[in-house]
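Subject: Structure handover

Hello,

Here is the structure I promised you. Please open it and keep it beside this email while you read.

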Amino acid sequence: MTESGVLRVIDETSAYWRVVFDSPPFNIVDATMFESLQEVLARMDASPKLRVVVFESANPEFYLSHFDLTGKTGNITTAVGPSGFPILMDTFVRLTKSPVVSIAKIRGCVRGVSSEFVLACDMRFASRENLRLGHPERLPQLVGRGRALEIVLGANDFDGDTAARYGYVNRALLDAELDGFVDVLARRIASFDRRAIAAAKNLINQVSLPSADRLLDALNSFQTALTWPEARQRIQALLKYGLQREVDFENRWPAVLGTLLET
């Protein structure tokens with residue numbers, strides 16, 4: 001096992017790694033998280049025997065949370081990564097285009113930019129009893145226009161069964177079965193030839209992925225939205241009521257968004 005910042009990399013075999021998010025108390029996504037992901041991507045690129053990586057969390061309540069709204073995001077939206085795009089988007093683009101298969105094994109909350117991360121993974125498997133999945137940005141190619149609008153404009157969490165029915169995750173499994181299912185699948189993929197895996201991913205990517213330019217448009221739109229006075233007002237209200245400080249509020253804040261400014 002090795003450490004990469006707020007991530008732990010567990011080599012199950014030379015062909016199969018588990019990467020564990022471990023940044024208590026909430027696995028908030030900040031500059032350190034992206035630095036750690038960039039380190040892991042570099043290691044993946046330098047590991048020719050690697051076939052599959054499973055991303056999971058040490059915290060069963062929070063797989064990954066949202067952006068750090070206190071300003072600890074550094075230069076991830078301005079500094080350029082190896083793909084030629086800003087670090088934030090570079091991380092997602094490189095993960096998607098990697099010859100290594102990526103699987104998100106999800107328990108707990110996944111919201112905002114963290115949802116972008118699991119969507120960049122090749123597959124997503126979630127706990128049926130323990131999933132709160134929320135996404136404020138893009139989804140149409142995955143779930144369709146109507147459901148994407150429901151998810152984006154409703155700005156609320158979705159449980160495992162609904163997420164699976166919508167196509168947001170591959171499957172929602174009983175929590176007691178999740179680890180075993182993903183491990184068996186990962187080991188099966190790890191037994192196949194790397195060249196065949198890379199070729200299959202490349203063909204599917206060609207017909208299913210939005211272009212990198214469209215992803216950049218989404219990032220720019222998100223950055224612009226954060227400067228709007230009404231967005232800043234809502235963010236300050238969330239922080240005041242306990243976002244990133246209180247476990248109970250961090251768990252339930254999407255449910256109060258509709259009445260947040262009234263209270």
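First, a term you will need: a helix axis is a line fitted to C-alpha atoms over the stretch in contact, and the angle between two axes runs from 0 to 180 degrees between their N-to-C directions. Also note that this is a predicted model.

Start with helix H1, residues 31-45. H1 packs with H2 at an angle of about 35°, and their axes are 10 Å apart. The crossing is left-handed. On the H1 side, the contact is made by Phe34, Leu37, Gln38, Leu41, Ala42, Met44 and Asp45. H2 brings Ile87, Leu88, Asp90, Thr91, Phe92, Arg94 and Leu95. Sorted by class, the contact has 9 nonpolar, 2 polar and 3 charged residues.

**The cores**

In soluble globular proteins, nonpolar side chains tend to be buried together. Here, the largest nonpolar core has 52 residues. Which of them touch the most other members? They are Phe21, Phe34, Met44, Phe55, Tyr63, Ile106 and Phe117.

Take Phe117 and set aside its neighbours within four places in sequence. Phe117 is then in contact with Phe21, Leu37, Phe55, Tyr63, Leu64, Phe92 and Leu95. There is also a second, separate core of 15 residues. Val52, Phe125, Ile189 and Ile197 are among them.

**A serine in a loop**

Next, find Ser98. It lies in the loop between helix H2 (87-97) and strand E6 (101-111). Is Ser98 buried or exposed? Its relative accessible area is 6%, so Ser98 is buried. Neighbours within four places in sequence aside, Ser98 is in contact with Met44 and Lys201.

**Cysteines**

How many disulfides does the structure hold? The count is 0. A disulfide is a covalent bond between the sulfur atoms of two cysteines. Look at Cys109: the closest cysteine sulfur, in Cys121, is 17 Å away, so it is too far for a bond. The cut-off for a disulfide is 2.5 Å between the sulfur atoms. Both residues are hidden from the surface by the numbers: Cys109 counts as buried at 1% relative accessibility, and Cys121 counts as buried at 3%.

**Helix H11**

Last, go to helix H11, residues 247-256. Its buried residues are Phe249, Glu250, Asn251, Trp253 and Pro254. They pack against strand E5 (62-64), E6, strand E7 (123-134) and helix H10 (229-241).

Best wishes

Methods:
Residues numbered from 1 in each chain as written. Predicted model: local features only at pLDDT ≥ 70, side-chain atom pairs only at ≥ 80, totals over all residues. Heavy atoms only, no water. Core = buried A, V, L, I, M, F, W, Y, C linked by side-chain atoms within 4.5 Å. Buried < 20%, exposed > 50% of the residue type's maximum accessible area, 1.4 Å probe, protein only. Contact = heavy atoms within 4.5 Å. Helix = DSSP H or I, 4+ residues; strand = E, 2+ residues; numbered from the N terminus. Left-handed = near helix turned anticlockwise from the far one by under 90°. Nonpolar A, V, L, I, M, F, W, Y, C, P; charged D, E, K, R; others polar.
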